[in-house]
Amino acid sequence: MPRTEFIATGFHVPERVVTNDDLAQIMDTSDEWISQRSGIKARHWVSDGETGATLARQAALQALAKAGMKATDLDCIVYCTCTPDHFEPGNGVFLQRELGISDIPAIDVRNQCAGFVYGLSVADAWIRTGQYRRVLLVGAEVHSRGLDRTTRGRDTAVLFGDGAGVVLLGPTDDPKRGVLSTHVFADGRHAEKLWVDGPGLAHDPFVSHELLDQGFHLPHMEGRDVFKFASVKMPESVAIALKANGFTPADVKLLVPHQANMRIIEMVQKATGLRDDQVYANIQRYGNTTAASIPIALDEALAEKRLARGDLLMLTAFGSGFTWGSAAIRW
Ligand code: ACO
């Protein structure tokens, strides 16, 4: 059976940069509060005309160009997002249309901040079994339009940013390289600890002025619980992936964790026993871009030459659901 290798990466964020000081102009917050609690200094927000699919298109074209491939070479799109452009259909088909291709399958993965690791798990299984050869794995989000950008929503509004990251995946016969294993988990008992209630068909009518006035369409987060679980489950899943492959923390060249919060990343680093140089963080510049955060960070880490052929790369993510997971990859 072949393994799945990363052929190329790409990312795209909107031009518009929103700093903590910019946010302090529109809600009761401060650069000091945001920096101390999250490590975030700035994030990117979309402007008119930009959507999740247009951000993903830019990221995809970059990766295709790096790989010397055309969109028509793709066999499948796996699109991970929790902020779709529309209620239905999923965003994979909108990206497909943006890329000017048709007929290949496009699947949406709805696992929020853990979306990219879940998507990798799906794409890896398809590639290893030979069902598809060239898979475009996408993490793309437009949070800014869905946030409560007033003081009422400041606990979440300051954390999230917009952006898209992609990886092009394909089979390799080199037994020493590629995705070694993926490990994904969920615990629905905590679904309401970080969620967007509606519009949803659990409500009848599924949307109403009354529900909108209550803010049921805005993210609701019990931040401390999210923090607590993320700080435990991410390192736990890294340990599971290391053990499954017979590795120790000393074998890791780079851990690219989901960029949720700098304090969570620091807790993950401590619990996994990794050094500063073994953990990548760029949350300062982008905020939390949920499913896009790992591919964006990976692209930047590669540009900074933090990974070389043969290095051990670990990924881990945690998000709403709760859902979480990890992956071990021999670069
Ligand atoms: N600016 C200023 N003050 C604020 C802001 C803000 N943006 N947001 C909340 N506050 C206030 C609160 O109202 C509260 O005020 P009070 O004491 O007068 O009631 C005070 O700050 C402290 O609020 P807490 O919620 O207790 O602050 P905490 O120390 O828990 O930090 C935070 C909040 C940063 C959200 C933290 O809980 C956290 O990092 N949680 C993880 C959340 C996360 O990363 N979510 C991302 C999605 S999931 C994922 O990616 C893993």
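Let me start with α11, which is mostly covered: nine of its 11 residues are buried. The buried ones are S293, I294, P295, I296, A297, L298, D299, E300 and A301. After α11 comes K305, and its phi is positive, near 55°. Please keep in mind that this is a predicted model.

Now the loop that leads into this helix. T290 sits between α10, residues 283-286, and α11, residues 293-303. Is T290 buried or exposed? Its relative accessibility is 3%, and the cut-off for buried is under 20%, so T290 counts as buried.

What does T290 touch? Leaving out residues up to four places away in sequence, the list is C82, Q112, C113, E141, H143, F160 and H258. With H143 there is also a polar contact, side chain to side chain, at 2.8 Å.

S320 lies between β12, residues 312-319, and β13, residues 323-330. S320 has 12% relative accessibility and therefore counts as buried. Apart from neighbours within four places in sequence, S320 is in contact with Q112 and L194. As for L194, its backbone oxygen lies 2.8 Å from a polar atom of the S320 side chain. There is also E192: 128 residues separate E192 from S320 along the chain, while their C-alpha atoms are separated by 8.3 Å.

That brings me to the protein as a whole. How many helices and strands are there? The protein has 11 helices and 13 strands. Of the contacts between residues at least 6 apart in sequence, 77% join residues at least 24 apart.

On overall size, the C-alpha trace spans about 55 × 45 × 35 Å along its principal axes. The radius of gyration is 19 Å, and this agrees with a compact globule, because a globule of 331 residues would have a value near 20 Å.

On burial, 55% of the 331 residues are buried. The protein exposes about 14400 Å², and carbon and sulfur atoms supply 50% of that area.

Last, charge. The side chains include 34 positive and 40 negative ones. The centres of these two sets lie 7 Å apart.

Terms used
Residues numbered from 1 in each chain as written. Predicted model: local features only at pLDDT ≥ 70, side-chain atom pairs only at ≥ 80, totals over all residues. Heavy atoms only, no water. Helix = DSSP H or I, 4+ residues; strand = E, 2+ residues; numbered from the N terminus. Buried < 20%, exposed > 50% of the residue type's maximum accessible area, 1.4 Å probe, protein only. Polar contact = N/O pair within 3.5 Å; in protein donor to acceptor, adjacent residues only side chain to side chain. Contact = heavy atoms within 4.5 Å. Rg over C-alpha atoms; globule rule 2.2 N^0.38 Å. Areas by Shrake-Rupley, 256 points an atom, 1.4 Å probe, with all protein chains shown as cover. Lys, Arg positive; Asp, Glu negative; His and termini not counted. Charge placed at Lys NZ, Arg CZ, Asp CG, Glu CD.
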